[in-house]
2 protein chains.
Amino acid sequence: MDAQSPETNLSPWMPFESRRRARDEKREAVLRTAVRLFLEQGYHRVTLNDVAERLNITKPALYNYFRSKDEILFECWALGQEIVDEFIAEIDNGGGNALAKLRKLIQAYAEQMTTDSGASLVRFDARDLTAENQKIVRAAKKRIDRTFRKYLADGVADGSIKPCDPKLAAFAIAGSLNWIGHWYQRAGAWSAEAVASRFAAQLTEGLANDRPSKRGPGTPKKSRPAKGGRK
Amino acid sequence: MDAQSPETNLSPWMPFESRRRARDEKREAVLRTAVRLFLEQGYHRVTLNDVAERLNITKPALYNYFRSKDEILFECWALGQEIVDEFIAEIDNGGGNALAKLRKLIQAYAEQMTTDSGASLVRFDARDLTAENQKIVRAAKKRIDRTFRKYLADGVADGSIKPCDPKLAAFAIAGSLNWIGHWYQRAGAWSAEAVASRFAAQLTEGLANDRPSKRGPGTPKKSRPAKGGRK
DNA sequence: CCCGTATATTACCCATGAGTAATAAAAAGT
DNA sequence: ACTTTTTATTACTCATGGGTAATATACGGG
């Protein structure tokens with residue numbers, strides 16, 4: 001028998017590597033559990049004891065992986081944001097005119113909103129984070145917003161999108177999509193992809209039937225009575 | 001001098017009435033202050049001491065008007081919901097076809113979202129309330145949702161609205177509108193009415209330019225490549 | 001087999017903030 | 001003026017939960 005066993009010989013780094021990987025897996029397990037609980041019950045109603053308990057460990061063990069509760073919250077958020085940044089880059093570098101890109105973005109973003117990590121982007125309160133992390137979150141939200149506005153502005157410029165204010169239109173679209181994170185449940189009747197594709201269609205095509213195929217019972221008038229609001 | 005001053009004579013109930021009114025005014029002042037702070041900083045970061053301090057009183061004084069912090073939160077919410085219920089009733093009893101009613105609803109709801117009491121409807125977490133009050137909130141949200149769906153379904157039936165799934169379309173619209181409560185600021189460039197009317201237009205008319213007036217640079221094709229989603 | 005490191009546990013600390021006496025000041029009623 | 005009721009204050013209780021210190025246990029390396 002040799003002084004060294006074969007496995008040790010094959011990969012001297014393996015023990016170290018596997019150890020590091022085990023650690024990362026545990027870290028991620030904490031985040032998965034935390035994000036679930038935070039979404040289910042809300043950040044402030046979830047204690048670190050709750051998180052630990054669901055992982056069959058005790059609270060102080062968590063501090064081997066994270067420095068504070070708000071750091072856990074931030075890392076949960078970051079997981080979701082990473083995915084968004086990825087598909088934004090993918091769409092941005094891909095082909096198609098502005099309207100096509102906008103539709104792709106809506107589709108991808110809507111699907112993301114049906115996941116835990118996606119919902120965490122809109123259901124967590126950035127004010128629970130440190131000032132530095134709040135800055136990071138704000139920057140990320142700005143990136144998303146800029147992308148929507150860019151596609152809208154480009155689309156207006158190239159004629160694929162009706163003249164509109166990109167800022168306001170971006171808010172309208174983002175609102176619809178973010179809201180998915182509040183109501184969507186996997187148990188429901190709609191698959192994530194189905195919701196996403198319907199949203200992509202509706203948000204870009206609108207609802208009003210300007211040119212009814214025959215003639216609607218409503219005898220659609222072009223002119224609205226007055227510009228004034230309600231009341 | 002008479003034994004009774006004229007005012008006292010005119011209204012024997014006045015002392016009692018004015019007392020009750022003073023009380024109600026103070027109650028409302030508490031709510032106005034609370035709603036502001038809750039929106040500014042988030043419910044869990046606002047202490048009752050904070051609320052009291054801004055009113056130049058001390059915490060226990062609040063307990064003359066409310067039984068608990070979560071009751072204050074609930075009453076803040078109820079103030080906003082009351083307004084929504086009112087204009088829903090008004091629109092529902094008013095004239096116009098389904099699409100017209102939908103536009104009125106969007107307009108009114110959007111305007112409401114630009115106010116403190118409106119924003120509280122979407123920015124407060126119902127899970128901070130007692131189980132009973134959570135029920136009330138759920139019922140109210142259901143009422144709003146039903147109204148949107150009804151107008152959409154009616155519109156599809158009478159031809160004023162494109163065929164669509166009212167459930168999903170209602171979510172899309174409500175999402176856009178609720179989101180206003182998260183981003184709108186009075187200090188911004190847009191008035192509440194301007195935002196509301198743009199939303200009413202965009203959400204019902206859509207964005208895509210199906211029939212460009214001359215011929216857009218994008219050489220619009222009628223056929224989209226495939227029904228499948230992204231990726 | 002022993003040592004050092006990583007990871008876990010038990011038992012604490014302690015700031016925070018909702019809610020509650022006990023009591024004082026103010027206003028209303030007579 | 002005297003009493004009662006309402007409204008406010010000061011001074012407290014106390015449960016909660018984030019975070020830490022001291023310490024035990026598992027584990028890979030030599």
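Buried area is the accessible area, taken with a 1.4 Å probe, that two parts lose on being put together, summed over both. The model described here is predicted.

**The interface**

By that definition, chain A and chain B bury about 5,000 Å² between them. Carbon and sulfur atoms carry 57% of this area. The contact involves 53 residues of chain A and 54 residues of chain B. Four salt bridges are counted between the two chains. In one salt bridge, the side chains of A:R45 and B:D125 meet at 3.0 Å, N to O.

| Interface of chain A and chain B | Value |
|---|---|
| Buried area | about 5,000 Å² |
| Share on carbon and sulfur atoms | 57% |
| Contact residues, chain A | 53 residues |
| Contact residues, chain B | 54 residues |
| Salt bridges | four salt bridges |

**Symmetry**

How is chain A superposed on chain B? A rotation of 180° does it, with 0.0 Å of shift along the axis and an RMSD of 0.0 Å. The two copies are therefore related as by a two-fold rotation axis. Both use the same surface: 96% of the contact residues of chain A recur in chain B.

**A helix pair in chain A**

Helix α6 (residues 98-113) of chain A packs against helix α9 (residues 166-183) of chain A. Their axes lie 8 Å apart, at an angle of about 25°. Angles under 35 degrees count as roughly parallel, so α6(A) is roughly parallel to α9(A). On the α6(A) side, the contact residues are A:L102, A:I106, A:Y109, A:A110 and A:M113. They meet A:I173, A:L177, A:N178, A:I180 and A:G181 in α9(A). Of the residues in this contact, eight are nonpolar, two are polar and none is charged.

How values were computed:
Residues numbered from 1 in each chain as written. Chains lettered and ligands numbered in written order. Predicted model: local features only at pLDDT ≥ 70, side-chain atom pairs only at ≥ 80, totals over all residues. Heavy atoms only, no water. Axes fitted to C-alpha atoms, helices over the stretch in contact; angles between N-to-C directions. Helix = DSSP H or I, 4+ residues; strand = E, 2+ residues; numbered from the N terminus. Parallel < 35°, antiparallel > 145°, perpendicular 65-115°, else oblique. Contact = heavy atoms within 4.5 Å. Nonpolar A, V, L, I, M, F, W, Y, C, P; charged D, E, K, R; others polar. Least-squares fit on C-alpha atoms with pLDDT ≥ 70 in both.
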